[in-house]
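Biologist: Please show me the sequence and the structure. I would then like to ask about the fold and one of the helices.

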Amino acid sequence: MPAARSSPVRTGVFLCGVDEALSDADLRLLASHANELPGVVLVRREGAHPDPQALAGEIRAQGLEAVVLAGQTPGYLKPAFTRAMALAERDPDHVRLAPFREHGAPHERFLERALAEITCAVHGVPYGLVARRADVPVHPTTLVIGGGVAGIQAALEIAEGGQRVVLVERSPSLGGHMAMFDKTFPTLDCAACILTPKMVAVGQHKQIELLTCSEVVEVMGEPGAFQARILKRARRVDLQACVACEACSDFCPVSVPSEFDAGITTRKAIYRSFPQAVPAAFLVDAEACTWLQSGGKRCGACLKKCSKNAIHLDAVDETVEIEVGNIIVATGYGVLDARRIARYGYGRYPNVLTALEFERLTNASGPTGGRIVQKTRRTNKRTKAEEWVFEADGPAPKRLAIVHCVGSRDEHFNRYCSRVCCMYSLKFAHLVREKLPGAECFEFYIDMRAFGKGYEAFFERIREEGVHVVRGRSAQVTEQHGQMVVKGEDIVGDRLLEYPVDMVLLAVGLEPALGAQPLGELLGITRDPDGWFHEADYNADPTGTDRPGIYVAGACQGPKDIPDTVAQASAVAARVLKTIASGVGGEDRAQISLDEVRVRARQLASRLADGKMAWQSGSIPA
Amino acid sequence: MACRVGVYVCNCGTNIARTVSCDEVATRLARVDQVVVARSYQYMCSNPGQEMIAHDIEELGLDRVVVAACSPRMHEPTFRAALQGAGLNPYFLEMANLREQCSWVHDDPRAATEKAVSLTTAAVRRVAQHEALERRFVQMCPATLVLGGGIAGLTAALQLADAGPQVYLVEREDHLGGNVARVDLTAPYLDSARSLLQERIARVAAHPRIEVLLRSRLHELSGYVGNFTARVRGADEGLRDLDVGSVVVCTGYREFDAARAAEFGYGRLPDVITSFELERMLRAGRIVTRAGVPPRNVAVVHCVGSRSERHHGYCSRVCCMTALKYGHEVRSALPEARVMDLYIDMHAFGKGCEDFYRRSSELKTMFLMYAKGHPPRVREAEPGDEWSLVIEVRDVLSGEELEVPADLVVLMVGMEAREDSQEVAHLVNISRDKDGWFIESHPKLDPVATTTDGVYIAGACQAPKDIPDTVAQARAAAARVLARIARGRIEVDAITAEVDQGACSGCRICSQMCPYGAIDFDTGARRSHVIGALCKACGTCAAACPAGAIRARHFTDGQILAQLEGVLEWPSNHGSSASSATGAPTREPTSPEPAASTTVPTCASSA
Amino acid sequence: MAVRVNPRLIDDLARYGAQDVSKCYHCGNCSAVCPFSRAPHLFPRRSMRYLQLGLEARLRGSLEPWLCYYCGECTEQCPRGAEPGETMMSMRRWLTAQYDATGLSRLFYRSWRAELLALALVSVLTGAGFLAWGVLNGSLAVYDGPGAFLSSAVVHRFDWALAAALIVLLCANCARMWWFCVARAPGPPISPWSYLKQAWRLPFHFFTQARYRECERKRPWAVHLVLVLSYVSLFTLIVFFAQEMQAGPAIDWRVHGLGYAATLGLVGATLWAVRARRAAQEAQYRRSHESDWIFLLLLLAVAASGVVQHALHRAGFLPAANLAYLLHLMLAVPMLLVEVPFSKWAHMVYRPLAMYFEALLADAHASAERREAPGVARAA
């Protein structure tokens, strides 16, 4: 806390860990700027591993009373400086941070923000307190991009608050990944039971305009008053007229892999992603439809069959423009393509499945009605080709292996932890043991990350159910005379395993959704090196972005399980409702000019100093 | 009176259909008198399911609906809304719980199906007795009470106050900030926790619509959603009543008392300290042993009090990253020192955390993995050793019994429910789980609401949480309150007790019995009457009333007796059912959408 | 009996090249993909663990590093870039230093300057010695036979002395290795009979490099084998047939035929290795310790000088041939004296020895298990 004093504090500014982020010219600019600030007597760069003793000497020599560490993540050096201050018999509390990264990613105004943060740190006032303004008028309508559980939750919260929401979903139905799941950990209640009512609610809510098969293609305007252009892909089936009687799809001759079933079943060219889809109406897959591909020359069977004349194959895409005040990005995630990791044999061995495929297989509404079976070989009648398919009466696997961290925590693929795999793998093990009590199930893991409420208990329960957990991520899946074999080291058991299995489940990691990059570009929000959207401030503002009025919720900001996603979505809703209720919003950081920051920082510092705005109510115990 | 009842049997995927033959239940219910239509469908709660009901109400002129599905707790509102949408009084619905009460608790498909039929028939009998009830509304007071001035409380308060309403922030201590105020830097980016707090606290202190009550505690909470009266005992021991519409509980956590885990020698050995004690050292810039010299070897022990049979079974979620943070901080302050990190599983799940873990290993931190249930033991070193402590641990990754020399041992004490959590839970009438954490109304869909309407929970009082997740949850709670305030009024359930003024003798037994103080006595007329908004329809008064003047709406004797008779009907009245048994229950129709099986030729499947 | 960890051993090993071992988080990939790893000798993961924990005694007594041929599989697949292969390589360097009682090896590995200096010193002494001898007892114009500048008879005697010295040093190191890995190994005692019974493994592994062949890719094995055989043949020729080699100018094909072939093999294999290390494509050649370069270049230089000397002699430029011979000796002697007992070349002895010891321990346990109840676990 800066104490009341007339003469400015003798301050030293140390630039650390800036090399990768800033050019030498930028650094010179930072330095010269820092030099002009009141009380600054020393500005220099500091290496990665400073020696506290030496620093203490320097602090004494320069007579420094306060130290400012500026850089990407200067916190790494703070303990050294704190100790140095103590060694130099200065107040160790007077080591302040000006972290550039924590308050948003590098972007076009990065340098300006860096200067602002140094200014605040030198004055000893929190940057977040100085650099905020809330005088931007806000349009009451909100745009939600993405109709997964995050988008649904955010939209409902806002609509319940009486405000208008436009929800844009790229796919034909609400639901996202969660709709594909069978059960959800750790409570094991079925995903459909908890999600479908919300989907219904969104579909019926007067305040929510639902645009499926749609994508945001352009966003213009200013925070508080964005103009968004939205491309509405032709559904080619009348939403109102269609009663989903299925007559059309029964007669459609074209079969293509079903996206919703993760490709383990087929759907028709005129279809509905899944029975509980919202909206319930069917739609036409233009790429697959014979009529459209042949320019209306061939097929058209569905047209004849639809008793309500709801099918308009000649319908065309259209774009609409809407005015919105806030934008919520809830685009979720994609999953790693298991083919990229050759040694697990995905695509080579038929019974190596990805997590999503297994979710569909074990799901009551899946191809086998929830029976866990191995694929069976059969010849396709039309193509005469050999193919492996799931059949309800297929043979049940006797031995399964579940491999954790597939593509996660791995320099060659994704460095980060995907956060949900450990738990859903345990859930898989449970489902297997429940549905096939005779089956043996092995979990190959590195660290069992059961961190959430009730997760650890769930882990214990799975163990007691007789699932074998093996510490050691298995290395490869091979085939030895027709028998799949999982090879790995059982570290605790101190042996090499060559474990024959009928089925292998790959806990594939989460990845940024395909559209994330273009969307980020057109919204002007940055992404971190792993491709997830960058939050404005890791601790203080995990759902904000560099651009005011644009928020992120759920897995598009980083892998997340359902409870955390829902919490984030609601949190964003709160931000939005707040701006609408107060009529103004956009606690915009980037837009504040440096001079303004200087002035405010000085005022604030003095007000703090002479206790006008003291935090007696919050004097933090040393 | 003859009603037209529609019966809808939900397969709930395979949750119900695995043990109960839903098609059979439908087939047999269709034969029950007053039942006009009986269908079975995969997910009744889904859009097609609800539309099916609405469609039948219209086409077949149903005036009563029975949904045989799951526990009414989750979906009764869903189906009531469906009825209302179709122009039927929402209370003409009855649910039979085939999931929790049949499929999940029985193995024998035959018997389970029989029971399902009985329960559903009972529901049919009961619903016939249902009366149309009207819902009422109460005003919503915009002011909000926030309990706890930690990061969660501060965030919630600001979020609310910025949006308009008045906020009272009640904090027991003499300062705001909670446990975060004891932390210097945060993982994984080593950002300053202090400036985070300073920002929030300064804004709270300066906010025109936030009143901070320090050294204060909630003494009593009366009233009901939208209209609570919070009696707060202030620093001066004086009581003060606050009118609030909602309460957000952000009382946070307390750290596990390391002395309770004797094996770590905390309190016995001077150089064994807790994580918070190390924080203090780091903040003071003096990381020294009791002897006053900087340690050469610093050992950090994870899961102290967490993930253990003897103490808390759960994971405290933040300790792993905090421990890694200490690794970095110690190496930064004492470049010569070495850090040894004793863990069970490294929970580096958050954004940027795995990278943080990698960076720690690049610092040559020595990681030792011990098995859950086999905690390391800390003992004094032999005289003559150049270190003061020795940790005995079995490292899982090498299978070796190891001795770890250390000068300073840091215990990562876990989080546990605050000592006053029971008191708070009682005051605001919410429940706690076996570990003492407050229970959310639904772990996934409603992580901030509680079983008591108008009372919300946020932050570590619900379960261990790091700062970003806490901030998100605090805002989520604010969102709920704001939505409520925006709507201005609140619907209260029509299911309450009511006093037959004619029959009431004015004995006032009921008002003494009522646990919610929902019964008021009119001294003039010497008659009792029920305050609808307060009544939770527990039925105590109805049972207690000597004059039988009180009846619980929607739980009348007639309705309950009819239900009982319904249970006893099968098989006596309807004869054997074996004939109508369908195939093995596990062999459900497997097409993505089975046509809803129906026994009424007149109306086609609407699915 | 609990073992004490040593958080600073990892720093020591870093000097031998193990820079990234601390990154390992023990997923177990490496041990599973390693073609050489089999119970009870699971590696590289466990060896890396010992290193992370600083269990010096465990490491010193472990044979695993010698059972690893650095095919690179583990490093290719390591999810954290912990370089298991390179770590095993560094452990071999470290072990070489541990086996050597004089401490010279440790010095050389930790400082390439010291190694170069030692080489230079030996080289200069050799040069000075032979020069003095030549000037005093012969003339630069005479190449071989009586009055020669460097008569083969003399050099031959010197060779024998050198060979003897090397054998003594190597035997001492091998004895220490035996002491660490076998004598002090926990578990049942080893019968003298099994020492005899398993002895065949030493020549077998030395001459065939059989285990290296188990690697996925066969080429590294082939090259390595060529190098070993060529070197051995040249060594034999020089030590046993020095006179025949030196006689001339007529070419005696009985010895020179083999000599040429071996030289070709030696140079070819060495150049291949140099190219691979410069390209730094495959994992096993990505990281080169200074000692690797010194070794390869020295080997090349020796071969080259030998070729030149031979050519000059046959071409009849006798004085030049003599000087080339002197140079050749100034390179060959330090190479043998420094590299064989104290540095990289020692592995040609330690590898076969390790496999011999492995067999001995296995024998002992097999017999122990036969004696006791079946299924007795090996005391780790």
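Modeller: Helices (H or I, at least four residues) and strands (E, at least two) are DSSP runs, numbered from the N terminus. This is a predicted model, where local features need pLDDT of at least 70, side-chain atom pairs count only at pLDDT 80 or more, and totals for chains, interfaces and linings use all residues. Residues are numbered from 1 along each chain as its sequence is written.

Biologist: What does the secondary structure of chain A come to?

Modeller: The C-alpha trace of chain A spans about 90 × 65 × 45 Å along its principal axes. The secondary structure of this chain comes to 16 helices and 32 strands.

Biologist: How far apart are the end C-alpha atoms of helix α16 of chain A?

Modeller: The expected span is 1.5 Å times one less than the number of residues. For the 16 residues of α16(A), residues 594–609, that gives 22 Å, and the end C-alpha atoms agree, being apart by 22 Å.

Biologist: Which residues of α16(A) are buried?

Modeller: Buried means under 20% relative accessible area (1.4 Å probe, protein chains only). By that cut-off, the buried residues of α16(A) are A:L594, A:V597, A:A601, A:L604, A:A605 and A:L608.

Biologist: What do the buried residues of α16(A) pack against?

Modeller: Contact means heavy atoms within 4.5 Å. The buried residues of α16(A) pack against these elements of chain A: α1 (24–36), α4 (110–123) and α5 (127–130).

Methods
Chains are lettered from A and ligands numbered from 1 in the order in which they are written. Side-chain values use heavy atoms; hydrogens and water are left out. Buried means under 20% relative accessible area, exposed over 50%, partly exposed in between (1.4 Å probe, protein chains only).
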